[in-house]
Structures are given as C-alpha cells and as structure tokens.
Amino acid sequence: MSIPPRAGRLGRILALVGGAAALVLSALPAQASDIPGTDQIVMSANVKHVANIPKPANIATTINTDLAFQDGYAYVGNYGGFSIYDIRNPKKPTVVSSVVCPGSQMDVSVYGNLLFASVDQSRSNDSCASTPQPATVKESWEGIRIFDVSDKANPKYIKSVETNCGSHTQTLLPDRRRGNVYLYVSSYLPNATYPDCLPPHDKISIIKIPLRDPASAAVVATPVVFPDGGNETQPNLLLPTTGCHDITVYPEKGIAAGACMGDGVLFDIRNPENPRVTARVTDPNFAFWHSATFNNEGTKVVFTDELGGGGQATCNEAVGPTHGADAIFDIVRGRLVFKSYFKIPRYQADSENCVAHNGSLIPVRGRDIMVQAWYQGGASIWDFTDSAHPREIGYFERGPASEGFGGFWSAYYYNGHIYASDFNKGLDVLRIDDRLTDSAKRVRVDRLNVQDQGSYRERGHHGDWFWGDEDD
C-alpha cells in the first residue's frame, strides 16, 4: 500500500475465509462478463495451485505484506508482525513461528541470522508492545527493527534504528568484503507538524549493520535524491515526489533503480554510502512510481504504477491499459528510454482493488520473464523479452474477495515455485509448467531478497544454474 498510516492507524481488520474450488481456464484474455465468482480460483492451463496455508492465528486479523527467502524458509511480513514458513517441501509448507510485533508495513529482508523489518507507523516506542501514537509527538518512534532468527522457532528482537519519516520499504545491499550490510530506507509523507518527518524530505536513509555487531547498526548517511524537489506539479499524481517509495539494487553491476512517487531514477551505487543519481524520468500516465525490477542483463527496468494507492479498482475497462500498469524502459547509454506498457489482460470487477504491484524475475536464460502480484488481479506471469511487445503467458487469481478488500501483495519466484502473500488467505504456492520457463527450475539460490537482485548464470558441465550473489 502506498500511503502509510502516519497517525497510528493499523491496517484493515480482515477475516480468514475457507478455500475455494479451483477452475482451470485458458490463458486467453477474459471479457468483463468472465469475472469469476466470489473467492473462486481460476488459472491458466500452465499454472498449478500447489498449496495454501492460512495465516497463523495470532496475526490472522492483520494483512500479509512482503516476503523474503533463505535456506528453504519464507519470511512473510504482516501489519501485525511476521511469520516464518518452512517451504523445503513446497507441497506441504508449515508455519515454524509467528512473531506479534505490530507496525505497518513490516516490509522484510533477511541476511544470515538477521531479519530486518520496516515500520512506517508512528508508535509509542520501538518495542513489540508499542501502541499507535501521533507523529506530532516528538517521542514517537518508527524505523527499522532487527531480529535474530538463528532459532527460527524463537526469533529474538535485538535492535531498532529510528529513521526520518519511518521506513515504508527497505532494500538490503550486502557489503561482504567489509562484513556489513546496508539498508536503503525509503519513506515519505513529510509534514510540518511532524518533528521527525519535516519537509522537504527528498532523501533516503542509509543504515549500516556490521554483521559481527548488529546491535551497533546506525544511520550513516541521508543522501538527498531530489535537490530540486522532484516531480511535484504533474497533473493526477497520487503524491508529489518526496523521497522514494522503493529501491531495487543490482550490486554486481553497481546500479540501482528507484521508484519515487513522481519520478523513476537510476543510481550509481558503487559507493554504497553515497549513491549517485545518474538518470531521472517522469511519465504522464503514471500516478505513483511504486517499485522497480531489472532484467538479468541490467539493460532494462520495469517500473510499476500503483494508481489509487492499492485500494482502488483500476484493472477495468474504464481505466484502460496505460494507467495502473507497468512501464518498460530500456537503459540506453545510461538513460531510461520508454518502450511500452504492460497490464493484465483480464478485466476485474469494479469491487476489486487491483493495480501493478510487487514481482520478481523468473530466471530463464536469454529471456526476460517475471511473475507479478496485482492485488485482487492475482499473479501474472509475463514475458518482456521484446520490450515493445510484452505478453502474458500465465496467471492465477481469485474472484472478488469475500472480505471486500485483499489479493496478492507480492508474488515471487524462488527455487522452482511461485510464492504469493495474500492479504487475508495466507501464503499461496504456485507452479508454472511451460516450455518458456521450465529451464528456471534448474536455478537454485540460498537467499532471495527480491529488491537485492543478483544475476543468474550457468555453472559446471551438466547445465546446472545458480543465482549470482556477492557471497559467491
């Protein structure tokens, strides 16, 4: 969701709902009359629904958010805390533990024994027992919480770091040679009445975490991304540029892409404490630059437009194909060159919140394919190898949610399966069987924080693949 509850408002209270029978449909574009029934599962013929596991009871009334993966475990954020799932057998995922620690959005990253969680809600203090408190109170807290997850059944809260305007999202950037990890913290919505979130807020916060002493984590830089104030005057912006909403780093190539409300940005991150803006772009059809994904070669960026902030129905005929969509840009001599838009080709009901949201690459050699969440539009698998002519090759979705609001927050590919965090219905596991993507099943990676991209490349004499990482 785009707009954080700055004054202490928790996410909507949503109830669990039982499973629905699945109906397999073709991948042809649907007409408005083909909208499935309430909670009815539909999918393309090349997609299988492998499993669903409901949210743990202690956070069942708050919504699921983003995911991270490591060593066969999935870490799922939730407005009420986070959960750890054992997914070593994707057909039978199990909950290992669930930590109650409220504070939206609980965007998560994982590295070794550490889990990092974003809090973009003004709280009475940094503890898991805190309560909402107005940002007008100087003593209010928001920022990053750090947990030790070496014992997955019993995570321990070890440290907090306060950041200006909180942490809506955070991007993990490893610096293995020096034994550190960095977090690029994105936040926004400054206000002259908020002592710790004053305008102009055209910056990001960079936290340095020494891996041998994570309790000494601290903000080491707050670089200004938009010294000119950014895009503030374009008609129909959801919000003017103030900082960034999300950043994706590609450490091997020394670059990052920022989705910054009114602007899309490229960074040089070879000096991790001093990222430097190298290119900026705006788009008259974008209302809110939300997230970014590089292709494997680092020659393209897919930016998403979260029109309506994630709470509106924008996947319908009235809104059309160029708003609330993805925009594909080629990187040409360091500049962002627009090529085309992509939007799911199935109309959703006017009651369904649906818009482009979080996704990841599917590691297919020689092609650019990704899976992406669209809230109640479900998960879409699409090919943008031809930047000017992207096309969907598979999908999974449910009909209008019985709760009235929901869908997939994130849908990511990890070691042969797609994992999707549903607001209300828990964790879904999907599989795609298609000649265009089957080779991806040979790719294995220990850790996946999607906003920290690594390259995938061939290894050995038997066609095995692996995902590049700074640890290699």
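**Cysteine links**

Modeller: Cys197 is buried, with a relative accessible area of 2% (buried means under 20%, exposed over 50% and partly exposed in between, using a 1.4 Å probe and protein chains only). As for the basis, this is a predicted model, in which local features need pLDDT of at least 70, side-chain atom pairs count only at pLDDT 80 or more, and totals for chains, interfaces and linings use all residues. Residues are numbered from 1 along each chain as its sequence is written, and side-chain values use heavy atoms, with hydrogens and water left out.

Colleague: Which cysteine does a disulfide join to Cys197?
Modeller: The partner is Cys165, with an S to S distance of 1.9 Å; a disulfide here is a pair of cysteine sulfur atoms within 2.5 Å. Cys165 lies in the loop between strand 11 (156–162) and strand 12 (169–175), and Cys197 in the loop between strand 13 (180–186) and strand 14 (205–210), so the pair ties together parts that are 32 residues apart in sequence. Strands are DSSP runs (E, at least two residues), numbered from the N terminus.

Colleague: Is Cys165 buried or exposed?
Modeller: Cys165 is buried, at a relative accessible area of 1%.

Colleague: And is the link of Cys165 and Cys197 left-handed or right-handed?
Modeller: That link is right-handed, with 100 degrees about the S-S bond.

Colleague: Stepping back, how many disulfides are there in the whole structure?
Modeller: A search of the whole structure finds four. With the bonded cysteines of the protein chain numbered in sequence order, the pairing runs 1-2, 3-4, 5-6, 7-8.

Colleague: What about Cys101 and Cys128?
Modeller: Those two form a disulfide, with their sulfur atoms 2.0 Å apart. Cys101 is in the loop between strand 7 (94–100) and strand 8 (105–111), while Cys128 is in the loop between strand 9 (114–123) and strand 10 (141–148), so the pair ties together parts that are 27 residues apart in sequence. The link of Cys101 and Cys128 is left-handed, at -85 degrees about the S-S bond.

Colleague: How accessible is Cys128?
Modeller: Cys128 is partly exposed, at 24% relative accessible area, whereas Cys101 counts as buried at 0%.

Colleague: Where do Cys315 and Cys354 lie?
Modeller: A disulfide joins Cys315 to Cys354, S to S 2.1 Å. This pair links distant parts of the chain, 39 residues apart: Cys315 sits in the loop between strand 21 (300–305) and strand 22 (326–332), and Cys354 in the loop between strand 23 (335–342) and strand 24 (359–362). Both Cys315 and Cys354 are buried, and their link is left-handed, with -80 degrees about the S-S bond.

Terms used. Helices (H or I, at least four residues) and strands (E, at least two) are DSSP runs, numbered from the N terminus.
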